[in-house]
Amino acid sequence: MAAVTPPPAGRGTAGAAAAPRPRAYLSVFNLAVLTVVAVASLRSLPTMSTYGLGSITLYLVPALFFLVPVALVAAELATGWNGGVFVWVREAMGARWGFVAIWLQWIQNVVWFPVQLAFIAASFTFVLADQDLSGSGLYTAVVIVVLYWASTALTLRGGNLFAKVGSWGGLIGTIAPGVLLIVLGACWLGTGEKSQVPLHWGDVVPPFTGFASLVLIVSNFLAYAGMEVNAVHATDMRAPGKGYPKAVFIAVAGILGVFILPTLAVALAVPKGELGLTTGINLAFKVFFEHWGVPWATAVVSAAIAVGALASVVTWIAGPSKGVLAAAETGLMPPWMQKRNKAGVQQSILLVQGLIVTALAALFIAIPNVSTAFFTLVDMAAALYLIMYMLMFVSALRLRGLRPDVVRAYRVPAIKLVAGIGFAASAAAFALGFVPPQGLSGIPPHLYPVMMLVVIVALGTPPLLFYRFRRPGWNRGRRVDSDVTAPAPTTSTEG
């Protein structure tokens with residue numbers, strides 16, 4: 001439970017005004033758990049399972065050079081300015097780049113939807129007892145489109161019902177299966193069963209066979225994305241300057257545990273040649289349960305995984321688009337993109353979001369190999385998000401010089417080093433995203449970077465065009481200046 005500030009000692013008097021309710025603070029442990037639940041996911045486990053013990057290194061590297069810098073830098077920004085990445089980047093680099101940042105945070109989430117829904121489609125095949133469907137691009141695309149539009153229709157009705165079930169979905173579909181995988185993997189080793197991967201200390205360092213062998217690490221950057229969202233809770237701690245770094249490192253340890261141990265459990269049971277990027281987790285459960293004589297349990301757990309993943313999709317359909325709507329209503333997007341329905345839901349943005357998801361779902365039909373289509377979408381989402389993170393790191397450095405007067409409840413020690421490492425890691429991962437990964441088929445290697453570039457440009461440049469051709473009539477009288485804790489700058493930071 002969160003720590004609560006005790007009320008001051010003294011005698012109450014009848015009829016006196018009620019004393020103000022003591023403020024509830026988040027403890028270090030509370031914030032660490034909140035962060036683990038928000039960031040950890042089972043979707044990326046099969047990707048890293050192919051490396052066996054080498055996955056430990058491939059998880060640790062982006063955690064050290066990306067996850068920790070993101071968490072620390074975002075905490076400083078969040079405790080100085082409310083309003084998220086739009087306000088942070090706007091205050092440092094102007095409205096144009098603030099709009100680009102919030103757009104990228106939104107659009108990468110749109111690209112992520114087909115990835116998560118493809119994962120759900122694969123889990124459904126184990127419920128239906130027909131794993132061959134997992135290799136069908138048409139089946140995967142149909143499931144993506146049907147589930148996404150059904151979820152959007154429910155979201156357009158308004159209300160917060162599905163936001164309430166998000167935590168339960170995470171418990172049922174992520175935490176419980178993850179813990180079960182760890183237990184089953186431990187039992188597998190404990191009973192002397194054969195491991196499908198070598199278990200020698202030397203295997204912790206993955207073999208290097210060229211840049212293409214490292215490309216899968218890019219998906220880990222996307223797996224760790226989202227730490228900046230929870231940074232806003234730093235102000236809910238009693239002493240964020242001391243407590244927040246502790247919470248970050250506890251959360252990092254927890255996130256690594258959720259990722260690494262289940263990943264190794266999958267690698268122990270499923271031969272490398274049988275691992276699919278969307279089916280690896282389910283195959284591991286199938287091997288475990290069939291070995292111990294309870295094959296029916298595979299369908300149960302697969303259904304739970306699908307339900308949890310779908311709950312996360314439903315929860316996130318409306319969320320990120322609200323940030324884009326807030327920016328749009330300040331005059332950065334045309335009126336038709338600002339349209340809400342009777343329930344107050346951002347109707348136009350959700351419809352555009354759905355059309356993009358539908359178009360991306362077609363990749364599963366156009367690309368014969370489902371795993372290749374899956375990984376390509378992961379790369380696209382990661383590349384878009386990494387641009388946003390680079391803007392965030394630059395903004396943190398600029399705001400130290402431009403706005404030293406703004407009080408931050410938490411300040412990053414050695415911010416030039418921390419933000420510099422984060423920026424460099426993001427830039428390196430972005431560049432690696434254009435290298436065709438080894439072992440994936442369906443796209444000619446020379447076309448892979450071209451396709452990546454086309455999608456990134458097509459999805460990433462609209463905010464620049466909207467900003468360039470904006471009109472005074474687009475502004476509906478709303479500004480985000482009121483969302484900023486610090487006073488507005490006296491001079492413009494925009495060139």
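The model is predicted. Its secondary structure comes to 19 helices and 2 strands. Of the 495 residues in the chain, 53% count as buried. Among contacts between residues at least 6 apart in sequence, 82% join residues at least 24 apart.

**Salt bridges**

- The whole structure contains 6 salt bridges according to the search, and those discussed here include the pairs Glu76–Arg408, Arg90–Glu91 and Arg340–Glu329.
- Glu76 pairs with Arg408, and the closest N and O atoms of the two are 3.4 Å apart.
- Glu76 has a relative accessible area of 2% and is buried. Arg408 also counts as buried, at 7% relative accessibility.
- Arg90 forms a salt bridge with Glu91, with a closest N and O separation of 2.8 Å. Arg90 is at 11% relative accessibility, so Arg90 falls under the 20% limit for a buried residue. Glu91 counts as buried as well, at 5%.
- The Arg90–Glu91 pair belongs to a network of salt bridges that links Arg90, Glu91, Arg403 and Asp405.
- Arg340 and Glu329 meet through their side chains in a salt bridge of 3.1 Å, N to O.

**Packing of helix 6 against helix 14**

- Two packed helices are described by the angle between their axes and the distance between the axes.
- The axes of helix 6 (residues 137–155) and helix 14 come within 9 Å and cross at roughly 170°. Because angles over 145 degrees count as roughly antiparallel, helix 6 is roughly antiparallel to helix 14.
- Helix 6 contributes Ala141, Ile144, Val145, Tyr148, Trp149, Thr152 and Thr155 to the contact. Helix 14 contributes Leu350, Leu351, Gln353, Gly354, Leu355, Val357, Thr358 and Ala361.
- By class, the contact comprises 10 nonpolar and 5 polar residues, with no charged residues.

**Ser348 in helix 14**

- Ser348 is found in helix 14 and counts as buried at 10% relative accessibility.
- Setting aside neighbours within four places in sequence, Ser348 is in contact with Trp336, Met337 and Lys339.

**Pro334 in the loop between helix 13 and helix 14**

- Pro334 lies in the loop between helix 13 and helix 14. At 8% relative accessibility, Pro334 counts as buried.
- When residues up to four places away in sequence are not counted, Pro334 touches Phe466 and Trp474.
- Pro334 and Asn475 are 141 residues apart in sequence, and their C-alpha atoms are 8.5 Å apart in space.

**Ser195 in the loop between helix 8 and helix 9**

- Ser195 is located in the loop between helix 8 (166–190) and helix 9 (218–224). This serine is at 17% relative accessibility and therefore counts as buried, the limit being under 20%.
- The side chain of Ser195 reaches the backbone oxygen of Val197 at 2.7 Å.
- Apart from neighbours within four places in sequence, Ser195 is in contact with Trp188 and Leu268.

**Backbone at Ala414**

- Phi of Ala414 is near 55°, a positive value in a residue other than glycine. Most residues other than glycine have a negative phi.

Methods:
Residues numbered from 1 in each chain as written. Predicted model: local features only at pLDDT ≥ 70, side-chain atom pairs only at ≥ 80, totals over all residues. Heavy atoms only, no water. Salt bridge = Lys/Arg side-chain N within 4 Å of Asp/Glu carboxyl O. Buried < 20%, exposed > 50% of the residue type's maximum accessible area, 1.4 Å probe, protein only. Helix = DSSP H or I, 4+ residues; strand = E, 2+ residues; numbered from the N terminus. Polar contact = N/O pair within 3.5 Å; in protein donor to acceptor, adjacent residues only side chain to side chain. Contact = heavy atoms within 4.5 Å. Axes fitted to C-alpha atoms, helices over the stretch in contact; angles between N-to-C directions. Parallel < 35°, antiparallel > 145°, perpendicular 65-115°, else oblique. Nonpolar A, V, L, I, M, F, W, Y, C, P; charged D, E, K, R; others polar.
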